[in-house]
Amino acid sequence: MNTVTSHSGKRLRRQYLMSLIMIGALLLIALFAYAWFSIDDRRSDIRTSIRSQSEQLKVSLDEKINLVRGHVFAMRRVIENTLARPDLRDSDLAERLLQTIGVPTDRLAADNTDASALTVDTGSLHVTPGSPTDSTFQRDLAAAASFLAQAAGNYQWYGLFEWSYYYDARQRWFLIYPRLSPAELLRATRAPDLATAIATLLEAGGTRPVDLVGPRNNPQRSMIWTPPYEDAGNKGRMVSLLAPVYRSDEYVGVIGTDVTLQTLSDVLRTHAPETGRALVLNADGRVLADEDDALQGTAHDLTFPQLFPDADMNGPDWLKLPLSDTPWLLVVHLDDPSLNKLLTKGIRLYLGLAVLLVLAIAALGVFQSRRYAGPALRLAAFVEECETQEQATMP
């Protein structure tokens with residue numbers, strides 16, 4: 001009878017432990033099953049989160065773009081107002097600019113300290129040698145000079161722009177801010193003389209601003225973004241926002257400002273989504289900005305097919321958001337490796353929770369077996385022995 005009772009107690013203890021193990025295993029299976037069946041929901045949540053973060057990135061880019069548009073609009077407005085109201089012009093500033101014309105080119109190329117004599121604090125004037133300084137020139141110069149104070153204030157406040165400038169519609173002269181001495185202009189353009197240097201700058205890397213926004217190509221008088229180009233002033237690759245300047249129906253010039261592609265890439269890196277890759281493309285598919293700095297050190301255009309040779313931008317892994325008042329597109333690529341990395345991170349959380357729960361149940365089972373279930377089973381065995389033995393051993 002003692003053997004039977006002993007076996008019965010062991011069997012009860014074994015059944016008790018097995019029940020705890022089964023509960024732990026079922027709980028573990030349930031947690032894994034939940035994680036498995038929730039992958040699709042988790043994937044959808046990730047895409048929703050990335051979309052929300054991408055929209056925030058779009059807002060940040062739109063803010064920068066609006067600052068550039070506001071800067072160009074304000075400069076154009078002050079010039080056109082001065083053309084319409086000559087009494088508003090700064091005659092003293094125009095006169096000081098006129099005094100910089102006619103200094104010998106050979107001395108400019110050799111002199112690095114001529115900026116104080118040849119430029120004003122708010123910018124500089126460059127005129128093709130031999131150009132007539134007639135009344136039309138003086139009228140347009142006096143009006144164009146009014147943008148320099150506007151540019152100086154915006155540069156100090158925002159620090160976003162590289163160059164701001166006014167090009168004469170006849171392509172004989174231009175004003176530029178910050179100031180650029182003729183010697184610096186010659187060195188930057190690597191031109192043999194001032195006339196060639198001015199022609200190179202007016203060419204603007206092949207974008208030809210005066211023609212691009214003129215009445216033939218831009219009869220609606222809109223602001224126009226240029227394709228990316230290499231800056232003649234050694235600032236790197238950039239884009240320009242240009243606006244035509246009119247005096248009634250007379251096309252008199254172009255006002256514009258430059259923003260480097262690196263500035264746009266910096267915005268992407270600062271506000272990029274937690275995963276994926278963000279780019280800005282223009283209407284031709286050229287890359288204007290890249291979160292991964294693919295444009296760093298390049299002196300030529302980089303296109304979308306070059307970065308993603310076999311990609312289908314219309315696929316589900318691509319998020320496309322048009323940027324306000326531009327022909328540009330913010331593109332966010334959420335590739336499978338990045339998505340799986342986030343999914344694995346979520347599964348690891350479930351796995352860690354499951355392991356902790358199983359260990360907790362196992363520890364509870366051992367504790368209960370030693371402190372409660374074991375003594376209770378031994379006491380039950382002692383009661384059974386008392387029924388059959390007169391001298392049963394008390395546990």
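## Report on a predicted protein chain

Leu26 has a relative accessible area of 52% and is therefore exposed; exposed means over 50%, buried under 20%, and partly exposed in between, with a 1.4 Å probe and protein chains only. This is a predicted model, in which local features need pLDDT of at least 70 and side-chain atom pairs count only at pLDDT 80 or more, while totals for chains, interfaces and linings use all residues. Residues are numbered from 1 along each chain as its sequence is written, and side-chain values use heavy atoms, with hydrogens and water left out.

**Overall make-up**

The protein chain has 13 helices and 11 strands. These are DSSP runs numbered from the N terminus, with helices (H or I) of at least four residues and strands (E) of at least two. Of the 395 residues in the protein chain, 44% are buried. The chain exposes about 20,900 Å², of which carbon and sulfur atoms supply 54%; accessible areas come from the Shrake-Rupley method with a 1.4 Å probe, and for residues only the protein chains shown count as cover. Among contacts in the protein chain with a separation of 6 or more, 66% are between residues 24 or more positions apart, a contact being heavy atoms within 4.5 Å.

**A surface patch**

Leu26 lies in helix H1 (residues 2–37). Together with Met22 and Ile29, Leu26 forms a nonpolar patch on the surface, and the accessible area of these residues together is about 320 Å². Patches consist of residues with over 30% relative accessible area and no salt bridge; like charges are joined within 9 Å, and nonpolar side chains (Val, Leu, Ile, Met, Phe, Trp, Tyr) within 5 Å.

**Aromatic rings**

A pair of aromatic rings is described by the distance of the centres and the angle of the planes. Rings of Phe, Tyr and Trp (its six-membered ring) pair if their centres lie within 6.5 Å; planes under 30 degrees apart count as stacked, over 60 as edge-to-face and the rest as tilted. The count by this rule is 12 aromatic pairs. The ring centres of Phe137 and Trp173 are 5.4 Å apart and their planes stand at 80°, so this pair is edge-to-face. The pair links distant parts of the chain, with Phe137 in helix H6 (residues 135–144) and Trp173 in strand E3 (residues 173–177), 36 residues apart. Both Phe137 and Trp173 are buried.

Tyr158 and Phe161 also form an edge-to-face pair, because their ring centres are 6.5 Å apart and their planes are at 80°. Tyr158 is partly exposed at 37% relative accessibility, whereas Phe161 is buried at 5% relative accessible area. Ring pairs join Tyr155, Tyr158, Phe161 and Tyr177 into a cluster. Elsewhere, the charged end of Arg221 sits over the ring of Tyr246, 3.8 Å from its centre; the rule asks for NZ of Lys or CZ of Arg within 6 Å of the ring centre and within 35 degrees of the ring normal.

Ile176 is found in strand E3 and is buried, with a relative accessible area of 4%. Not counting residues up to four places away in sequence, Ile176 touches several residues, including His126, Leu148, Trp163 and Leu201.

Most residues other than glycine have a negative phi, and most peptide bonds are trans. A cis peptide bond, with omega about 0°, joins Tyr177 and Pro178. Pro178 lies in the loop between E3 and helix H8 (182–189). Gln171, in the loop between strand E2 (164–168) and E3, has a positive phi near 60°. Asp325 is not a glycine either, and has a positive phi of about 60°; Asp325 lies in the loop between strand E10 (318–322) and strand E11 (329–333).

**Salt bridges**

Side chains of opposite charge can pair when their charged atoms come close. A salt bridge is a side-chain nitrogen of Lys or Arg within 4 Å of a carboxyl oxygen of Asp or Glu, and the structure holds 15 salt bridges. The table gives some of them.

| Salt bridge | N to O distance |
|---|---|
| Arg139 and Glu250 | 3.3 Å |
| Glu230 and Arg237 | 3.7 Å |
| Arg247 and Glu250 | 3.8 Å |

Arg139 in helix H6 and Glu250 in strand E7 (residues 250–260) are 111 residues apart, and the pair links distant parts of the chain. Glu250 is partly exposed at 31% relative accessible area, and Arg247 is partly exposed at 36%. Glu230 is partly exposed at 36% relative accessibility, but Arg237 is buried at 13% relative accessible area. Salt bridges link Glu230, Arg237, Asp284, Arg286 and Asp301 in a network.
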